[in-house]
Amino acid sequence: ERAKLAKLRRLPAVTTDGETVELQANLEIPAELPLIAQAGAQGIGLLRTEFLFMNREDLPGEEAQLAAYTQIVEAMGDDPVTIRVLDWGGEKDMEAQNSGIAPTHGGPNPALGLRGLRLLLKRPELLEAQFAAILRVADRGNVRVLLPLVTNPAEVKQAREILERVARRLRRRGERLPERLPEVGVMIETPGAALAADAIALEADFFAIGTNDLAMYTLAVDRAEAEVSHLYDPLHPAVLRLMQFATEAALRLRMPVSVCGEMAGNPKLVPLLLGLGIRSFSMNAGSIPRVKQAVRALEIGDCARFARRVMEQSDPARIRELVTEFAEGVA
Ligand code: PEP
Ligand code: MG
């Protein structure tokens, strides 16, 4: 079994009818880089930069960030590296304090407060330092920028303006930047962003659907909250309908769209996601072989028909049944 999965490393992620699927890795700490190479990931679809900011008293400066990004980008060669700017706030700064970032968990409802891009736009010096480090590494590989917890197209526009301003400043300083600035993508991880996806798409170069937060915010359930975690369900039709809406908005504009939440690493959910039109998945490196195995056994027409059946359902339990049945039928 292990040998079989190892052999998969060299095989392409292609469906039985020849549709190519992109399988990328999520990266939380640079120590996972060898795992990514082992898994045969086609780049990094989500680099969570929080690790740079955790458990320290001060902020990592531009140079420290540059060193970390350089290590990662050089390890990935020509494969894309999608660097998500700091997603601090909500539950994320409760576990890992950093006195260099204003405490953001003091408000009445941290998950709805100063988190992700909102925090960065309130503290633009944080975003500027991070953008500067990202821009300075952009020439060394295939670098993309990803913005967390967006709900409004104006936030994306504002972030882009800051990126352009930082680029002008670096060029004046004589830094070598690529002629074209890195693409700027948006995490679709709130119901607001999903339902405004058509408007947000006009400001974005790509979408990354974050199903972890999307499920939490859609169902108003924190899965770390034991009393309600039984209600956390990414297969709830409300979550799936939002994913479908956002995916279709992207596909209409021929804009790349990927899924990078936990759902993307579950082989049983591959038929549904392919059927919804997703062709790019980013997941923990360890999940790549099994997801690739699932992709290689599927036909797109079957997946599309299956997804249509699923999307007609309104009962989460029935959807779960259908998903299990389909997975067992194919396996
Ligand atoms: C998500 O919310 O699905 C996601 C990928 O981001 P994170 O898990 O880092 O919040
Ligand atoms: Mg998220």
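Which residues in α10 are buried? In this predicted model, the buried residues of α10 are T211, D213, L214, A215, M216, Y217 and T218. A residue is called buried if 20 or more other C-beta atoms lie within 10 Å of its own, exposed if 12 or fewer, and partly exposed in between, with C-beta atoms placed from the backbone. Helices (H or I, at least four residues) and strands (E, at least two) are DSSP runs, numbered from the N terminus.

Local features in this predicted model need pLDDT of at least 70, and side-chain atom pairs count only at pLDDT 80 or more, while totals for chains, interfaces and linings use all residues. Residues are numbered from 1 along each chain as its sequence is written, and chains are lettered from A and ligands numbered from 1 in the order in which they are written.

The strands come next. Strand β2 (residues 44–48) has 4 of its 5 residues buried, and is thus mostly covered. Strand β1 (residues 22–27) runs parallel to β2, and 3 bridges join them; strands pair if DSSP finds at least two bridges between them. A25 has I44 in β2 as its bridge partner. Between β1 and β2 the chain passes through helix α2 (residues 33–39), in a right-handed β-α-β crossover. Right-handed here means that, with the strands pointing away from the viewer, the path from the first strand over the helix to the second runs clockwise. β2 also pairs with strand β3 (residues 80–84), in the parallel sense and over 3 bridges. In that pairing, L47 stands opposite I83 in β3. A right-handed β-α-β unit is made by β2, helix α3 (residues 62–76) and β3.

Helix α3 also packs against helix α6 (residues 124–137), at an angle of about 40° and with the axes 9 Å apart. Axes are lines fitted to C-alpha atoms, for helices over the stretch in contact, and angles run from 0 to 180 degrees between N-to-C directions. α3 and α6 are therefore oblique to each other; angles under 35 degrees count as roughly parallel, over 145 as roughly antiparallel, 65 to 115 as roughly perpendicular and the rest as oblique. The crossing of α3 past α6 is right-handed, that is, the near helix is turned clockwise from the far one by less than a right angle. Residues of α3 including L66, Y69 and V73 meet residues of α6, among them A129, A133 and V137. Contact requires C-beta atoms, placed from the backbone, within 7 Å of each other.

Helix α10 (residues 211–219) and helix α11 (residues 237–252) have axes that come within 9 Å and cross at roughly 125°. That makes α10 oblique to α11, and the crossing is right-handed. L214, A215, T218 and L219 in α10 meet A238, V239 and L242 in α11. Because 7 of the 9 residues of α10 are buried, the helix is largely enclosed by the rest of the structure. The cover over its buried residues includes β5 (184–188), β6 (206–209) and α11.

A220 follows α10 and lies in the loop between α10 and α11. A220 is not a glycine, yet its phi is positive, at about 55°. A220 counts as exposed because it has 10 C-beta neighbours inside 10 Å. L149, in the loop between β4 (142–147) and α7 (153–172), is likewise not a glycine and has a positive phi of about 45°. L149 has 25 C-beta neighbours inside 10 Å, so it counts as buried.

Technical notes: Contact = placed C-beta atoms within 7 Å.
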